[in-house]
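I set out to record what I looked up in this structure, entry by entry. The notes follow the order in which I took up each topic.

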Amino acid sequence: MKFFDINFWINNSFYSEEEKENAVVKIKKIMEDNDIFNLIATSQFALDYDWNIGNEKLLNSNLHEKINNLYYSYILTPDVYFAYDFEKYIRKAFADGVRLFRFFPKHHLFYINDYYMKNIFGLLSRKKFPIMLDLKELDITGNKYFDINVLERILDNNEEMPVILETSLKQCMFNRFYFPLLEKYKNLYIEISGMLLIDQIEGYVEKFGSKRLIFGTNYPNIIPELSTNRILLSEINESDKENIGFNNINNILGRIEIG
Amino acid sequence: MAKKNIEEEIKKFKLIDSHMHLGVAPNTLYYKYIDERVIELQKKFNVEISICSHCISFYDLEGQIDAIKKAQIKFGRHIYWNLVYDPRCLEKSLELIDKNKSKINFAGVKIHPVIHETKIDSKLYKPLWEYATTNNIVISAHTWSPYTDNPKQFHGNPLLFETVLKEFPKLKIILGHSGGKVNFYDEVIEFVKNHENVYMDFSGDCIYPPVYKKVINKAGRGRILFGTDMPMMDIRYHITSVLSADIDDSDRQDIFYNTAAKLYNFN
C-alpha cells in the first residue's frame, strides 16, 4: 500500500546548505518508513510569518529537485492577485513543483470570497487546480460556527476546482456541515488526518464512497504512523484504501490543465 | 520507527482501557452508533478490561444507573464503571455513588469540571475528596490545558489539584487526557513527578507518542494508563501511538495494562 500525503508541514529555515541536506535526509526517511511515495509540503513560515516569503523559502529549499515525487503547496492570500500576474504565477508555480494552493483567511485576515479571491478561484477552476481550506478558518464566531454560505458560493461558482477540506480541531466530529456539503458538491473532498471519531472513515466511505477522502498526515503535528495505520487498519476494502491513500489525489492532480 | 504490523504487534499485549465511554458523546455527529461496535473494536485490539463512564452520566445522574445496569447485562463484567459526581448536585451525587457502588461493577468516580463548569479546586468537590479518601476510591478527572481558546476548559486545569492534594494527600487521581495539549505536558509531568498518587492517561485527540518516553524518564515508570476516550475517538489511533513510542515492551505492557491493574486492584 502506498500513500500520497498532501498535508506535510515544513518548518525548517533552510539558511544553510547543511540544513537543506539534513531536511532532505529526514524527509526521505519519513517517506520511506511510512510508504509515503508522494508528498505535498507546505511551509509553516508561510502560515506564521508571510505567505510570499514562506513560499519562496520552500521553493529555495530545492526539496522538489532532491526528493522524487515531493511537491509543494503554496499558501496564498488575495495579495497574489495584485502583486503578480496570477495566470503567469500559476504557470510558474506549477513548473516549480506546486500542486496545491492553501488559504487561511482567518489567520491572514481576508474574506475568502472577496473581489480578488473570486478571480483567483475563477482562474483555478478553469485550470482544475485543487485548493485546500481549513474549515476552522471560516469560523466567524470563534465558537466553531462556520460560514458555510460562503463556502457554498465558492463551490457553486467554481465547479471544476477541487476543494479539499482539512479536518483539524475535531471539526468533523462535532459539526453537521460536512454531510450536506458532500451530498451537494461533487468537487468537495475531505482530508483525513483529523478524522478521529470511531469508525469515521468507514462511515464516510459507506455513505459517500472512498473517492471523497484524501490522505494527509498533518505532520509534524501528528506523526505519519497514526494516519497510515488508520487506513491500513480500516475496515474497508483494499481498493477503497488505495483510493484514499493515493489514487484520489493522484487523479485530481492528473486533471490539472495548466495551459 | 521501523514499520510494524499493528494487528500482529498488539497480540503481544493485554490491555485495560481506563478511559472510555458508552453511549453517544454529547453533540457529536455519528453516521451510525451502537454500543456493540465500541465493544467489538475494543475486543479486536485485545482490551480485556474497560473502565467506562456512560456518556449520559454527565447530564443525568439517575439515568446513568439505569444505563449502566442495562449495559452490564448486555456486555458482562469486563466493563468496570465510573460513577459521575456532579458538584452542582453534590449530595445527590454522593448518595447515588454510595448506594450503587456495591450493586454494579464499580471502578471509581469520574468528574468533569468542564461540563459541570466547576473548577477542580472548588469547595463543591470537597465532599467527594473526603468520601474518596475514606473509601479508597480512584478519581478520574477530565483535565485540559489552560492554553486554549475555550475558557470553560480553565475549570479542568490539572495543576489546580495542587491545593486539593495538600489537604487530601492520599487521593488517587487519574488526570484524564493529561491536560490535553503537547505544549502543556511538561508542566503536567512535573506535577505528576511531585505527587505519587497522580496518574496520567493520554486518551482523546492529542495523540503524541514521544510523550510516553518523556513521562517515564521524568516521572518514572508506572504513571501512565492506557485510555482511548471511545466512542469520541477511534482506538486504532491510541494503539498505534503506544506501539510507535520509543519505549521498550515492558513499558508498553505497563501502560497497556499493569499500571491500571495495580491501581484498581484488578489482580
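I count two residues as in contact if their C-beta atoms, placed from the backbone, lie within 7 Å. The model I am reading is predicted.

**Entry: helix α4 of chain B**

With that cut-off I looked up what the buried residues of α4(B) touch, and I found that they pack against α3 (61-75), β3 (79-84) and β4 (106-111) of chain B. The helix itself covers residues 90-100, and I noted B:Ser93, B:Leu96 and B:Ile97 as its buried residues. I place these on the same side of α4(B) because they cover an arc of only 100° around the axis. In general, an α-helix has 3.6 residues a turn, so residues three or four places apart point the same way. I then turned to the face directed away from the buried side of α4(B), where I listed B:Glu91, B:Glu95, B:Asp98 and B:Lys99 as exposed.

**Entry: chain B as a whole**

I recorded 10 helices and 8 strands in chain B. Its radius of gyration is 17 Å, close to the 18 Å that the globule rule gives for 267 residues, so I describe chain B as being as compact as a globular protein of that length. The C-alpha trace of chain B spans about 55 × 40 × 40 Å along its principal axes. I also noted that buried residues make up 50% of the 267 residues in chain B. Of the contacts in chain B with a separation of 6 or more, 81% are between residues 24 or more positions apart.

**Entry: the sheet of chain B**

In which order do the 8 strands of the open sheet in chain B lie? I read the order as β1-β2-β3-β4-β5-β6-β7-β8, with parallel pairing. The edge strands are β1 (15-22) and β8 (224-225) of chain B, each of which pairs on one side only.

**Entry: strand β4 of chain A**

I found β4(A), residues 98-103, mostly covered, with 6 of its 6 residues buried. It is joined in parallel to β3 (residues 70-76) of chain A by 5 bridges, and A:Leu76 has A:Phe103 of β4(A) as its bridge partner. A further 3 bridges join β4(A) to β5 (residues 131-134) of chain A, also in the parallel sense, and I saw A:Arg102 opposite A:Met132 of β5(A). Together with helix α7 (residues 115-126) of chain A, β4(A) and β5(A) make a right-handed β-α-β unit.

**Entry: the contact between the chains**

I counted 21 residues from chain A and 26 residues from chain B in the contact. On the chain A side, α9 (171-174), α11 (200-208) and α12 (224-232) each supply at least two residues, and α12(A) gives the most, with 4 residues. I divided the chain A side into 9 nonpolar, 5 polar and 7 charged residues.

**Entry: backbone exceptions**

Most residues other than glycine have a negative phi, and most peptide bonds are trans. I noted a cis bond from A:Tyr219 to A:Pro220, the latter in the loop between β8 (213-214) and α12 of chain A. Another cis bond joins B:Met230 and B:Pro231, and I place B:Pro231 in the loop between β8 and α9 (235-244) of chain B.

A:Asp35 has a positive phi of about 55° and lies in the loop between α1 (17-33) and β2 (36-43) of chain A. I class A:Asp35 as partly exposed because it has 15 C-beta neighbours inside 10 Å.

Definitions and conventions:
Residues are numbered from 1 along each chain as its sequence is written. Chains are lettered from A and ligands numbered from 1 in the order in which they are written. This is a predicted model: local features need pLDDT of at least 70, side-chain atom pairs count only at pLDDT 80 or more; totals for chains, interfaces and linings use all residues. A residue is buried if 20 or more other C-beta atoms lie within 10 Å of its own, exposed if 12 or fewer, and partly exposed in between; C-beta atoms are placed from the backbone. Two strands pair if DSSP finds at least two bridges between them. A crossover is right-handed if, with the strands pointing away from the viewer, the path from the first strand over the helix to the second runs clockwise. The arc is that of the directions from the helix axis to the C-beta atoms. Ala, Val, Leu, Ile, Met, Phe, Trp, Tyr, Cys and Pro count as nonpolar, Asp, Glu, Lys and Arg as charged, and the others, Gly among them, as polar. The radius of gyration is taken over C-alpha atoms; the globule rule is 2.2 Å times the number of residues to the power 0.38.
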